[in-house]
Amino acid sequence: MAAKYQNDFVDRYAPLASQIATDTGLDPSVVLGHMALESSWGRNLNGNNLFGVNGPDGKKASYPDTQTAANAYTDLINGRYQMAAAYPDPSLQAQTIASLGYNTNKNYGPTLADTASTVRDVMAQRAALSPDNLLDTSSASQPNALASYSRL
């Protein structure tokens with residue numbers, strides 16, 4: 001069963017992840033997994049930096065709000081990491097983001113893929129408990145894959 005902080009995180013950030021997925025072509029679970037990994041499931045959110053993006057000075061960037069952080073991430077993915085969206089498999093998307101240098105830790109790709117898988121598991125558990133929240137995260141080509149999940 002998912003931890004409360006994981007459920008709370010999905011409730012709060014699923015709509016934003018859906019928007020980013022639509023704008024980038026990434027699977028929504030990869031986007032939400034990336035947010036979860038870089039912010040410790042929202043428990044370490046310094047400067048509204050959901051994605052661990054570094055600024056030009058090499059330090060973690062700071063944003064006035066999470067929407068601005070999302071816009072910066074979208075621009076980054078659509079630039080340097082756009083190749084990741086070419087893969088339909090979320091694990092390959094995660095691995096590609098890592099291999100293109102998002103993080104130099106050799107375990108980053110598998111860790112991101114695992115976190116995206118955990119996000120899918122959390123959403124599946126929640127959907128089983130409440131069919132109203134049923135999601136299809138099998139394809140980022142479905143622009144509302146996470147949008148129907150929002151209960152904000």
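**Helical fold, nonpolar core and selected residues**

Asn7 lies in helix H1. Helices here are DSSP runs of H or I with at least four residues, strands are DSSP runs of E with at least two, and both are numbered from the N terminus. The model is predicted: local features need pLDDT of at least 70, side-chain atom pairs count only at pLDDT 80 or more, and totals for chains, interfaces and linings use all residues. Residues are numbered from 1 along each chain as its sequence is written, and side-chain values use heavy atoms, with hydrogens and water left out.

Asn7 has 15% relative accessibility and therefore counts as buried. Buried means under 20% relative accessible area, exposed means over 50%, and partly exposed lies in between (1.4 Å probe, protein chains only). Contact means heavy atoms within 4.5 Å. With neighbours within four places in sequence set aside, Asn7 contacts Ala2, Val122 and Arg126.

The protein chain contains 5 helices and 0 strands. Its elements run α-α-α-α-α from the N terminus on. The chain has 152 residues, and 45% of them count as buried. Contacts between residues at least 6 apart in sequence were also examined; 54% of these join residues at least 24 apart. The chain exposes about 7,400 Å², of which carbon and sulfur atoms supply 49%. Accessible areas come from the Shrake-Rupley method with a 1.4 Å probe; for residues, only the protein chains shown count as cover.

In soluble globular proteins, nonpolar side chains tend to be buried together. A nonpolar core is defined as a set of buried Ala, Val, Leu, Ile, Met, Phe, Trp, Tyr and Cys residues joined through side-chain atoms within 4.5 Å. The largest such core holds 38 residues. Within this core, Val31, Leu32, Met35, Phe51, Tyr73 and Ile97 touch the most other members. Two or more core residues come from each of H1 (4–24), H2 (28–39), H3 (66–79), H4 (90–99) and H5 (108–129). H1 gives the largest share, 8 residues. Tyr73 touches Ile20, Leu26, Val31, His34, Phe51, Ile97 and Tyr102, not counting residues up to four places away in sequence.

Ser40 is found in the loop between H2 and H3. Trp41 is buried because its relative accessible area is 12%.
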